[in-house]
Amino acid sequence: MIPAASARWAPYVLSILRIMSALLFITHGTMKLIGFPAAYPNPLTALSATAGGLELFGGLLLALGLFTRPVAFLLSGQMAVAYFMAHAPKSFYPVLNGGDAAILFCFVFFYLVFAGPGPWSIDAMRAKGRPV
């Protein structure tokens, strides 16, 4: 009974994982670019502005489920780079260097590259031939 129910719900939970991860990711971009929900603690540079733009607009595309696989691939790479540039030099341990969120985002987005967006997405609607 449980395996059949979990198989039936798995695609929808995938959509929920994508949407919630994207919404959390967006807040990193809004913090860098517009100081919401809190001010970005570092001065805004070209690199952090680019990262903020990717987080905001890439996160929005992921939340909508539009171009999910290529966007997830790009954002997964961004999080890997962010981890090794900003977090890893501080300490070997992610819990000490503040990079645990970057690692988690990296692997959730990498999973989405292969799993796709799930049924609650613009990509799924486009694949079925529905007008968006």
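This is a predicted model: local features need pLDDT of at least 70, side-chain atom pairs count only at pLDDT 80 or more; totals for chains, interfaces and linings use all residues.
Q: How do you know that the span of helix H1 agrees with its number of residues?
A: At 1.5 Å a residue, the 33 residues of H1 (residues 2-34) should span 48 Å, and the end C-alpha atoms are 45 Å apart, which agrees. Along the way, H1 bends by about 45° at Ala10, with the proline Pro11 following within four residues.

Q: What do the buried residues of H1 pack against?
A: They pack against helix H2 (46-64), helix H3 (68-87) and helix H5 (100-115). Among the buried residues are Leu14, Arg18, Phe25 and Ile26.

Q: Why is Trp9 called partly exposed?
A: Its relative accessible area is 46%, and partly exposed covers what lies between under 20% (buried) and over 50% (exposed). Trp9 therefore counts as partly exposed.

Q: What makes Trp9 and Tyr12 an edge-to-face pair?
A: Their ring centres are 5.9 Å apart, and pairing requires centres within 6.5 Å. The planes stand at 65°, and over 60 degrees counts as edge-to-face. Trp9 and Tyr12 are 3 residues apart in H1, which means about one helical turn separates them.

Q: Why is the pair of Tyr12 and Trp120 called tilted?
A: The centres are 5.0 Å apart and the planes are at 45°. Under 30 degrees would be stacked and over 60 edge-to-face, so this pair is tilted. The pair links distant parts of the chain, because Tyr12 is in H1 and Trp120 in the loop between H5 and helix H6 (122-127), 108 residues apart.

Q: Which residues do the ring pairs link into a cluster?
A: Trp9, Tyr12 and Trp120.

Terms used
Residues are numbered from 1 along each chain as its sequence is written. Side-chain values use heavy atoms; hydrogens and water are left out. Helices (H or I, at least four residues) and strands (E, at least two) are DSSP runs, numbered from the N terminus. The expected span of a helix is 1.5 Å times one less than its number of residues. The bend at a residue is the angle between axes fitted to the seven residues ending there and the seven starting there. Buried means under 20% relative accessible area, exposed over 50%, partly exposed in between (1.4 Å probe, protein chains only). Contact means heavy atoms within 4.5 Å. Rings of Phe, Tyr and Trp (its six-membered ring) pair if their centres lie within 6.5 Å; planes under 30 degrees apart count as stacked, over 60 as edge-to-face and the rest as tilted.
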